[in-house]
Amino acid sequence: MMSPTPAPLRASRETDRKPVSVSFEFFPPKTEEMEKTLWASIARLAPLSPAFVSVTYGAGGSTRERTHATVERIARETDLAPAAHLTCVAASRAEIDEVVRSYKEAGVKHIVALRGDPVSGVGTRYEPHPDGYAYACDLVAGIKRIGDFEVSVSAYPEKHPESASLDADIDYLKAKVDAGATRAITQFFFENDVYFRYLDKVRAKGIDIPIVPGILPVTNFKQASNFATRTGASVPAWLLKRFEGLDDDPETRKLIAAAVAAEQVTDLVDRGVTDIHFYTLNRADLVYAICHLLGLRPHAGATVPQAVAV
């Protein structure tokens with residue numbers, strides 16, 4: 001009786017793997033201690049030569065100054081390409097245009113254009129500023145009028161919570177592309193089939209810009225579940241099972257988090273994905289480990305920021 005043919009080893013797939021490009025998202029720090037953590041994380045990840053690093057913008061523009069300061073420092077002190085998040089909320093067109101011009105003067109060439117959450121937070125009805133850009137497609141067009149920026153926008157594989165349907169949400173993505181968006185970064189998801197089904201629908205609508213999967217490595221399951229509830233992302237039962245009973249066991253939780261994220265990312269790459277965006281939550285270790293699994297290695301000549309002076 002013949003033995004069954006063994007399944008191909010992962011190593012054989014990794015040998016033939018296409019180069020992977022990564023990007024990282026950070027948020028501006030609120031405290032001195034968070035400032036140290038942020039810049040330590042940037043210093044850790046910078047040698048991996050990401051395509052870009054983005055810095056978020058709080059609800060209602062609440063972190064405008066801190067976002068701007070963080071983006072400018074990245075542009076000034078590192079070789080990284082910073083991408084500044086910008087929203088429509090609680091600001092006039094003139095105010096937003098001034099922010100865009102200031103980024104242009106600082107040498108920032110990439111903006112992530114978002115509608116943004118209401119000032120009072122998720123769950124509150126969004127109301128456009130009477131003198132502002134109403135929606136992200138309007139913001140994209142406004143940014144492109146000011147300069148030849150690279151403009152990334154959001155995409156929702158399970159639809160935006162406020163959209164009537166996934167098809168309607170994809171139509172809105174097309175409006176952002178028609179306004180000048182050059183890349184879409186997805187909301188995080190935990191089932192890769194969700195992403196690939198979405199990608200098929202997007203391509204069927206004639207949208208041909210890169211649709212980069214956004215990955216959230218889960219180090220805190222309760223926190224991730226809260227994020228998912230607010231953003232309309234589903235949390236599969238198998239993921240809940242993986243973290244079951246680990247609320248008071250952070251060390252095991254880290255190991256499970258690494259396994260889950262590594263499985264998801266390597267499956268994406270094995271299925272042809274070549275660009276991945278990581279929501280780092282300003283923590284570098286897990287993201288760095290995943291990038292190592294993808295074959296990324298530090299670039300010796302990279303310029304990294306010095307420790308924060310306090």
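User: What makes two strands count as paired here?

Analyst: Two strands pair if DSSP finds at least two bridges between them. The model is a predicted one, and in it 9 strands form an open sheet in the order 7-6-5-4-3-2-1-9-8, with parallel pairing.

User: Why are strand 7 and strand 8 said to stand at the edges?

Analyst: Strand 7 (211-212) and strand 8 (214-215) each have a single partner strand, so one side of each has no neighbour in the sheet.

User: How do you know that strand 4 and strand 5 pair?

Analyst: Strand 4 (residues 110-114) and strand 5 (residues 150-155) share 3 bridges in the parallel sense. The cut-off is at least two bridges, so the two strands count as paired. In general, strands of a sheet pair through backbone hydrogen bonds, in either a parallel or an antiparallel way.

User: What lies across strand 3 and strand 4?

Analyst: Helix 4 (residues 93-105) does, and this helix runs at about 175 degrees to strand 3 (82-87).

User: Why are helix 5 and helix 6 called roughly parallel?

Analyst: The axes of helix 5 (residues 136-146) and helix 6 (residues 166-178) cross at roughly 10 degrees and come within 8 Å. An angle under 35 degrees counts as roughly parallel, therefore the label applies to helix 5 and helix 6.

User: Which residues make the contact, and how many of them are nonpolar, polar or charged?

Analyst: Helix 5 contributes A136, C137 and V140, and helix 6 contributes Y172, A175 and K176. By class, the contact has 5 nonpolar, no polar and 1 charged residues. Lys counts as charged, so K176 is the charged one.

User: Why is G180 called buried?

Analyst: The relative accessibility of G180 is 18%. Buried means under 20%, so G180 falls in that class. G180 sits in the loop between helix 6 and strand 6 (183-186).

User: What does G180 contact beyond its neighbours within four places in sequence?

Analyst: G180 is in contact with V140, K144 and V151. V140 also takes part in the contact of helix 5 with helix 6. The C-alpha atoms of G180 and I143 are separated by 8.9 Å, with the two residues 37 apart along the chain.

User: What makes H160 buried, and where is H160 placed?

Analyst: H160 has a relative accessible area of 17%; the limit is under 20%, so H160 is buried. H160 is in the loop between strand 5 and helix 6. Not counting residues up to four places away in sequence, H160 touches R115 and D169.

Note on methods: Residues are numbered from 1 along each chain as its sequence is written. This is a predicted model: local features need pLDDT of at least 70, side-chain atom pairs count only at pLDDT 80 or more; totals for chains, interfaces and linings use all residues. Side-chain values use heavy atoms; hydrogens and water are left out. Axes are lines fitted to C-alpha atoms, for helices over the stretch in contact, and angles run from 0 to 180 degrees between N-to-C directions. Helices (H or I, at least four residues) and strands (E, at least two) are DSSP runs, numbered from the N terminus. Angles under 35 degrees count as roughly parallel, over 145 as roughly antiparallel, 65 to 115 as roughly perpendicular and the rest as oblique. Contact means heavy atoms within 4.5 Å. Buried means under 20% relative accessible area, exposed over 50%, partly exposed in between (1.4 Å probe, protein chains only).
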